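Subject: Structure handover

Hi,

Here is the structure I said I would pass on. Have a look at it first, and then read on for what turned up.

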Amino acid sequence: MGAGARVAAGRPAPEAGAAQPGAGTLLDVRDLRVGFHGGARGVVRAVDGVSFSLRRGEALAIVGESGSGKSAMALSLSGLTCEAGADVQGAVEFEGVDLLAAGERRLRRVRGAGIATVFQDPMSALNPVQRIGAQIAEQVLAHEPLSKAAAAARAVQALRAAGVPEPERRARSYPHELSGGLRQRAMIAMALSCSPRLLVADEPTTALDVTVQAQILAELARLRAETGMAVILVTHDLGVVAGFADRVLVMYCGQIVEQGSVSEIFEDPQHPYTWGLLGSIARMEGERPRRLPAIDGVPPSPARPPAGCRFHPRCPHAMPACKAPVELRDRVGGGRLDRCVLEVERKRALRTRSGAIGL
Amino acid sequence: MRAAHPMLTFAVRRLVAMVLVLFAISVLTFLIFQVIPDGDPALRLAGKFATPQEIKDVRIQWGFNQPIWVQYLRMMEQIFTGKVISYTQQVNVVRQIGEDLPATISLTVGASVLWLIAGVALGVVGALLARRGRVARAADRLLGAVAMTGISMPAFLLGDLLLFYLGFKLHVFPLGGYVPLTEDPVGWLTHMILPWISVTVLFAGFYSRVLRASILDTMGESYVATARAKGISPRRVMVSHVLRNSLLPIVSLWGLDFAAVLGGGALLTETVFNLKGVGQYAAESTQRLDIPPIMVITMLTAFLVVVLSTVTDLVQAALDPRVRLR
């Protein structure tokens, strides 16, 4: 059975979450701003006014280029950028409690147990001098009144659940003794060891081989189906989103430029930046371009974002109106949001490139 | 063929390295004293008012007329049989070093513990301050300046200042000298405190800067973010994830510095405080261009450095599973 099939099997229909009675809101982010002190350049706004909410059990993908602020945003949810010296403002309400206003102790109880985080590079995300099992048990002990032996047993159990072969032996291994894929499984095991309600996965497959990427995504999808936890998947690769997420949030230069369900984003994308992202995915069917299309230009520096729509300097369809501030709102109907002033019908004509969507 | 046990390979490699290092350092030291001006030992041995004939007799009697490699081999033989005699005082060098060692061991053990504790404490405080607000960062810079002053303070200046104010003026501590621990423990302690402080100031500043940089590096590591994301206490993040990893370079540093001081490396401090240790013996022998003690002390230091670096490698391997003993 292929990995893709497992993803499809493990994934609940996108509408299922909304239809469930009492599903409720798990996370509500309002006007989140994250600034880093950039020395002479002043404060760099990595995230500039992001709002969204997440239902229990929902899978949300946050997509954007490097430097779009997606990682900074995801890590700020549990206050992890704050400790690195970032200036974080706005509100992050998790299960009704604003984490940005919460004290250190409260935040610690949420970290690991409520919101678990999986980082990009499993090579460096595990402490090199501690055994895998001990690192997982440390998190379990921080949240649950268990004996050391029980926590160690839980660590083995978590490794087994995350698809690590020979979990008893692997729990006694050091990180450098494991392959990249196994380390990422160990990270996932650690993240899931306290049954979190939300898993934030910050580019969990970027540092892995392509074949391992598919396995890890399939594993995440399976675990999500089994545990019913919500997942925020941060990625720069729209290709991994399709089989995994219910909803997609496209970020550009610290802002959301488009938000909608997976089918809306893939079939009827509203923002030219999304077109560009979709156009740069390698396709298996249809006419193949000689070169994979890319979006011209480079992302602007978040220290000095362009006025108006931040994508307009790179957008071939830019008009004078794009230089004025553009609101993120519903322009199509049905609750999806975008930040582009072009008329909807005109967009549908402009984005068609030899039968597919492109910029 | 079956591969040898890694531990055995390691031991053999280190033994071979030790022989090579001792050979190289002894040849080099021996040759240096052959070429320095005014280094002819026969002139010193014969005395100030010796006639050319007396000098010639001394040269033949001590074998200085023989080929240089014969002289070297004879010196090595005498050193390794413990029969080497100093040129200027004509005492057994190995026995003399044996008498001097307790003072140097006292200095090294006490000071190395103190400089490790002080260096680690200052390094941790500096790293913590560096990550805080404006006032804290200013305090960190002040600590850095203090550390730099300590690093660059000459041992003779600091030692003399301590002796002058705390010994001569305030009579808190004795004016130098060494009292054996076995004879008078309290006297031993009062005689050792100022030399310990003096050496500690020298090393702690350097250690604190190395550790501070190492901690700040480690704090940026991804696994520290993982540790924070687990919901464990900041103290636990700091101790079992940050410090545990950033102390690794300090271990190697400490082993080598320990060996250097034990091999008479703190000659200025020993001389200023008149500890009559190996370092002071080295300093005095150098003044007299007395080759045998210099040879023995240099080889002792080289031996200790190789031994201690082997020990720190073993400790490193125990502390860091990624380290392979080779």
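**The sheet in chain A**

A:V29 has A:F52 as its bridge partner in β2(A). One thing to keep in mind throughout: this is a predicted model.

That pair belongs to a longer run of pairing. Strand β1 (residues 25-37) and strand β2 (residues 43-55) of chain A run antiparallel and are joined by ten bridges. β1(A) is also joined to strand β4 (residues 87-94) of chain A, again antiparallel, by seven bridges. If you want places to look, A:R30 has A:A91 as its bridge partner in β4(A), and A:G35 sits opposite A:D87 in β4(A).

Put together, these strands are part of an open sheet of four, in the order β2-β1-β4-β5 (chain A), with antiparallel pairing. So which strands stand at the edges? They are β2 and β5 (97-98) of chain A; each has a single partner strand, so one side of each is left without a neighbour in the sheet.

**Two helices side by side**

Still in chain A, turn to helix α8 (residues 180-192) and helix α9 (residues 210-227), whose axes come within 10 Å and cross at roughly 20°. Angles under 35 degrees count as roughly parallel, so α8(A) and α9(A) are roughly parallel to each other. Their crossing is right-handed.

On the α8(A) side, the residues that meet α9(A) include A:G180, A:G181, A:I188 and A:L192. Among those they meet in α9(A) are A:V212, A:I216, A:L220 and A:L223. By class, the contact of α8(A) with α9(A) has six nonpolar, five polar and two charged residues.

**Where chain A touches chain B**

Chain A puts 23 residues into the contact and chain B puts in 19. On the chain A side, α4 (104-110) and α5 (132-143) each supply at least two residues. The largest share of that side is the four residues from α5(A). Sorted by class, the side of chain A that touches chain B comes to nine nonpolar, eight polar and six charged residues.

**A helix in chain B**

Last stop: helix α13 (residues 278-287) of chain B. Which of its residues are buried? They are B:V278, B:G279, B:Q280, B:Y281, B:A282 and B:S285. The cover over the buried residues of α13(B) includes α5 (93-130), α11 (248-265), α12 (267-272) and α14 (291-319) of chain B. After α13(B) comes B:L289, which has a positive phi, near 50°.

Cheers

Methods: Residues numbered from 1 in each chain as written. Chains lettered and ligands numbered in written order. Predicted model: local features only at pLDDT ≥ 70, side-chain atom pairs only at ≥ 80, totals over all residues. Pairing = 2+ DSSP bridges. Contact = placed C-beta atoms within 7 Å. Nonpolar A, V, L, I, M, F, W, Y, C, P; charged D, E, K, R; others polar. Buried ≥ 20, exposed ≤ 12 C-beta atoms within 10 Å, placed from the backbone. Axes fitted to C-alpha atoms, helices over the stretch in contact; angles between N-to-C directions. Parallel < 35°, antiparallel > 145°, perpendicular 65-115°, else oblique. Left-handed = near helix turned anticlockwise from the far one by under 90°.
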